[in-house]
Amino acid sequence: MSKSASRARLVEIIRKRSFGRGEITLASGRKSNFYFNLKPTMLDPEGAALLAELTFEALKDDGLDYIGGLEMGAVPLAGAVAQLSWLKGHPIAAFFVRKKPKEHGARLAVEGLARNETLHGKRVVIVEDVTTTGESALKAVDAVRDAGGEVVLVLTMVDREEGAVETFAQAGLAFRWLFRASEYLKD
């Protein structure tokens, strides 16, 4: 399937499985009359494959070592991209950042690395399913930087176009998206 065909098909899947209208309170605390819940798309076989494909294509030339982000939105996406990157011969390892470190076990904020692995000196992309203001992604950025990683980019599947561009610019971070909310609000 061509990139444009994959993109068009993914728009359909997101519209059917993950987009809705109606009063909702977002993670940022803001009220909205539309929402995206990308989990049904990320966990759908075709949706997961298309998200991984388009994400990998968007990132393959960035020289990345790791892909990850804040739980829960980044977990399915990072895992799918890691698997696809291996199959494409350009491996990008995955991790995720806990919103709050576990109070037992290793008590890690960054999960998915083996005991002898570290993000120190590694080029990292932070991924999100849906971005509103960008504040959630900044939590993952901070955790990666605390672990010594270099965040080279924040990539979201859907930018709600409600301040993330400005937030990341102010933080000195490159920001890209696969889709923008306005693509879904045309109808």
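A residue counts as buried under 20% relative accessible area, as exposed over 50%, and as partly exposed in between. With a relative accessible area of 34%, Glu-161 is therefore partly exposed. Keep that scale in mind as you look around this structure, which is a predicted model.

**Helix α3 against helix α4**

- Helix α3 covers residues 45–59 and helix α4 covers residues 74–87; the two pack with their axes 9 Å apart, at an angle of about 70 degrees.
- Angles of 65 to 115 degrees count as roughly perpendicular, so α3 is roughly perpendicular to α4.
- This crossing of α3 and α4 is right-handed.
- On the α3 side, the contact is made by Ala-48, Leu-51, Ala-52, Glu-53, Thr-55 and Phe-56.
- On the α4 side, look for Leu-77, Ala-80, Val-81, Leu-84 and Ser-85.
- Sorted by class, the contact of α3 with α4 holds eight nonpolar residues, two polar ones and one charged one.

**Helix α1 against helix α3**

- Helix α3 also packs with helix α1 (residues 3–17), here at an angle of about 135 degrees and with the axes 10 Å apart.
- An angle of that kind makes α1 oblique to α3.
- The crossing of α1 and α3 is left-handed.
- From α1, the residues in the contact are Lys-3, Ser-6, Arg-7, Arg-9, Leu-10 and Ile-13.
- From α3, the contact uses Glu-46, Gly-47, Leu-50, Leu-51, Glu-53 and Leu-54.
- Five of the residues in the contact of α1 with α3 are nonpolar, two are polar and five are charged.

**Aromatic rings**

- The structure contains nine aromatic pairs.
- In one of them, the ring centres of Phe-34 and Phe-36 are 6.1 Å apart; the planes stand at 85 degrees, so this pair is edge-to-face.
- Phe-34 and Phe-36 are both buried.
- The rings of Tyr-66 and Phe-95 also make an edge-to-face pair, because their planes are at 65 degrees, with the centres 6.3 Å apart.
- Tyr-66 belongs to strand β3 (residues 66–70) and Phe-95 to strand β4 (residues 93–97), so their pairing ties together parts that lie 29 residues apart in sequence.
- Tyr-66 and Phe-95 are each buried.
- One aromatic cluster is formed by Phe-19, Phe-34, Phe-36, Phe-179 and Tyr-184.

**Two backbone details**

- Between Glu-71 and Met-72 the peptide bond is cis, and its omega is near 5 degrees.
- You can find Met-72 in the loop between β3 and α4.
- Glu-161 has a phi near 65 degrees, which is a positive value in a residue other than glycine.
- To find Glu-161, go to the loop between β7 (150–159) and α6 (164–170).

**A glutamate on strand β1**

- Glu-23 sits in strand β1, which runs over residues 19–25.
- Its relative accessible area is 61%, so Glu-23 is exposed.
- Setting aside neighbours within four places in sequence, Glu-23 is in contact with Lys-31, Ser-32 and Asn-33.
- From C-alpha to C-alpha, Glu-23 and Arg-9 are 27 Å apart in space, and they are 14 residues apart in sequence.

Key: Residues numbered from 1 in each chain as written. Predicted model: local features only at pLDDT ≥ 70, side-chain atom pairs only at ≥ 80, totals over all residues. Heavy atoms only, no water. Axes fitted to C-alpha atoms, helices over the stretch in contact; angles between N-to-C directions. Helix = DSSP H or I, 4+ residues; strand = E, 2+ residues; numbered from the N terminus. Parallel < 35°, antiparallel > 145°, perpendicular 65-115°, else oblique. Left-handed = near helix turned anticlockwise from the far one by under 90°. Contact = heavy atoms within 4.5 Å. Nonpolar A, V, L, I, M, F, W, Y, C, P; charged D, E, K, R; others polar. Phe/Tyr/Trp six-rings, centres within 6.5 Å; stacked < 30°, edge-to-face > 60°. Buried < 20%, exposed > 50% of the residue type's maximum accessible area, 1.4 Å probe, protein only.
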